[in-house]
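Please look through the sequence and the model shown here before reading on. The paragraphs that follow lead from the packing of helices to a sheet and then to the surroundings of a ligand.

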Amino acid sequence: MATAHKNPYAPDSGAVPAPEPEPATAPDGEALSPESLQQEYYELRERFRRTTNALASATHDLKTPLAILNGYVELLTSEKLGPLTDRQREVLRDMQASGRRLQQFIQDFLTYSALETGGLRMQFEPGNINDTLSEVCRLWSSRFQEKALALYFLANDKLPVFPFDPPKLERVVSNLLENSFKFTPRGGTVWLHAEPHMWDRRAATQPSAAERRRQNLNQPNAVKVSVADTGPGIPAEFHQEVFDDFFRLPGTESEEGTGLGLAIARRLVQGMGGKIWVESDPAGGCKFSFLIPYKPAVAPAGKGKNR
Ligand SMILES: Nc1ncnc2c1ncn2[C@@H]1O[C@H](COP(=O)(O)OP(=O)(O)O)[C@@H](O)[C@H]1O
Ligand SMILES: [Mg+2]
């Protein structure tokens, strides 16, 4: 399998094996003490935070001129300023598509930087997750129809009302559906599914049957949401890396995208105290699943891996 491709502006997330790290030393060659290493770490994090903020602010400044350009393209397309030739209409359609891509990139990058610098807080409110999932399906249904893709979702009445962040959960599911939509060839099928799940976080030490009963461990304590498709699937060696920032699989560069969709989904799921993973059959198709606990044990949305 070839090495994975990333966007050229992406930070290196390790597709090429990193060289052995040198022991950390001060400029005079002396080994650094744990205190100075920690100090260095804080300074680097602070510099990273400032750079990300500066990039986000520059990206934000692109929003207004882009909205104006998109508005003019729409005005021209409406032919209110005069009739268009077929060729002009075609050019305007291309401009519209490029405008949408740029808008998507800006939105993804702003969400990513807000999550990365801790600027996006979770807002939990009790709700029925079925409503959120059917709303996302409704938003995607016409695009799926246009590509002759079947999208199945059946509300699950076994799911209780519990506190979660509906717009952020919508974003996670939307990012997963977008990928299935993009990578599944015409005529394929996509399933969205949600069910109660018993999440045992201490898989290493299996509790006894008595302990399970005492702690109510047989009761579902989380919802498991899955998006499965009949697309090309993802080779097992990339099942962790697909969640890295700016990561894209070899051969998918021609598709629209920034490689941030799954990285954002991972951070949002973790922000709700959950975890996300992918399974894929070598014969094709893949299934992304995530767990959200009924009682949020809040983790910082921005940092950390899912591992
Ligand atoms: N459903 C899927 N089927 C096949 N490949 C997928 C699927 N979802 C994600 N991938 C792979 O994972 C990569 C990262 O996905 P994502 O972070 O959403 O970035 P983007 O969609 O912008 O490329 C994609 O570029 C693609 O290579
Ligand atoms: Mg994507």
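**Helices, sheet and ligand shell**

In this predicted model, helix 2 passes helix 3 in a left-handed crossing. The axes of helix 2 (residues 63-77) and helix 3 come within 10 Å and cross at roughly 155°, which makes helix 2 roughly antiparallel to helix 3. On the side of helix 2, the contact is made by Lys-63, Leu-66, Leu-69, Asn-70, Val-73, Leu-76 and Thr-77, and these meet Leu-92, Met-95, Gln-96, Gly-99, Leu-102, Gln-103 and Ile-106 in helix 3. By class, the residues of this contact of helix 2 with helix 3 divide into eight nonpolar, five polar and one charged.

Helix 3 (residues 86-116) also meets helix 7, their axes coming within 10 Å and crossing at roughly 35°, and this crossing, too, is left-handed. Here Asp-108, Thr-111, Tyr-112 and Leu-115 in helix 3 meet Gly-261, Ala-263, Ile-264 and Arg-267 in helix 7. The contact of helix 3 with helix 7 comprises four nonpolar, two polar and two charged residues.

Five strands form an open sheet in the order 3-5-6-9-8, with mixed pairing. Strand 3 (150-153) and strand 8 (275-280) stand at the edges and have a single partner strand each, so one side of each is left without a neighbour in the sheet. Averaged over the sheet and with direction ignored, neighbouring strands are turned by 15° against each other. Strand 3 runs parallel to strand 5 (residues 189-197), to which four bridges join it; Ala-150, for instance, has Thr-189 in strand 5 as its bridge partner.

Two helices can then be placed against these strands. Helix 4 (residues 129-146) packs on the sheet, where it touches strand 3, strand 5 and strand 6 (222-229), and its direction makes about 170° with that of strand 3. Helix 5, by contrast, lies across strand 5, strand 6 and strand 9 (286-293), and runs at about 20° to strand 6.

Which residues are the closest to ligand 1? Of the 21 residues that surround ligand 1, the closest are Asn-179, Leu-249, Gly-257, Gly-261 and Leu-262. The elements that give two or more residues to this shell are helix 5 (166-183), strand 7 (247-248) and helix 7 (261-271), and helix 5 gives the most, with four residues. By class, the shell around ligand 1 has 10 nonpolar, nine polar and two charged residues.

Key:
Residues are numbered from 1 along each chain as its sequence is written. Chains are lettered from A and ligands numbered from 1 in the order in which they are written. This is a predicted model: local features need pLDDT of at least 70, side-chain atom pairs count only at pLDDT 80 or more; totals for chains, interfaces and linings use all residues. A residue is near a molecule or strand if its C-beta atom, placed from the backbone, lies within 6 Å of it. Ala, Val, Leu, Ile, Met, Phe, Trp, Tyr, Cys and Pro count as nonpolar, Asp, Glu, Lys and Arg as charged, and the others, Gly among them, as polar. Two strands pair if DSSP finds at least two bridges between them. Axes are lines fitted to C-alpha atoms, for helices over the stretch in contact, and angles run from 0 to 180 degrees between N-to-C directions. Two residues are in contact if their C-beta atoms, placed from the backbone, lie within 7 Å. A crossing is left-handed if the near helix is turned anticlockwise from the far one by less than a right angle, and right-handed if clockwise. Angles under 35 degrees count as roughly parallel, over 145 as roughly antiparallel, 65 to 115 as roughly perpendicular and the rest as oblique.
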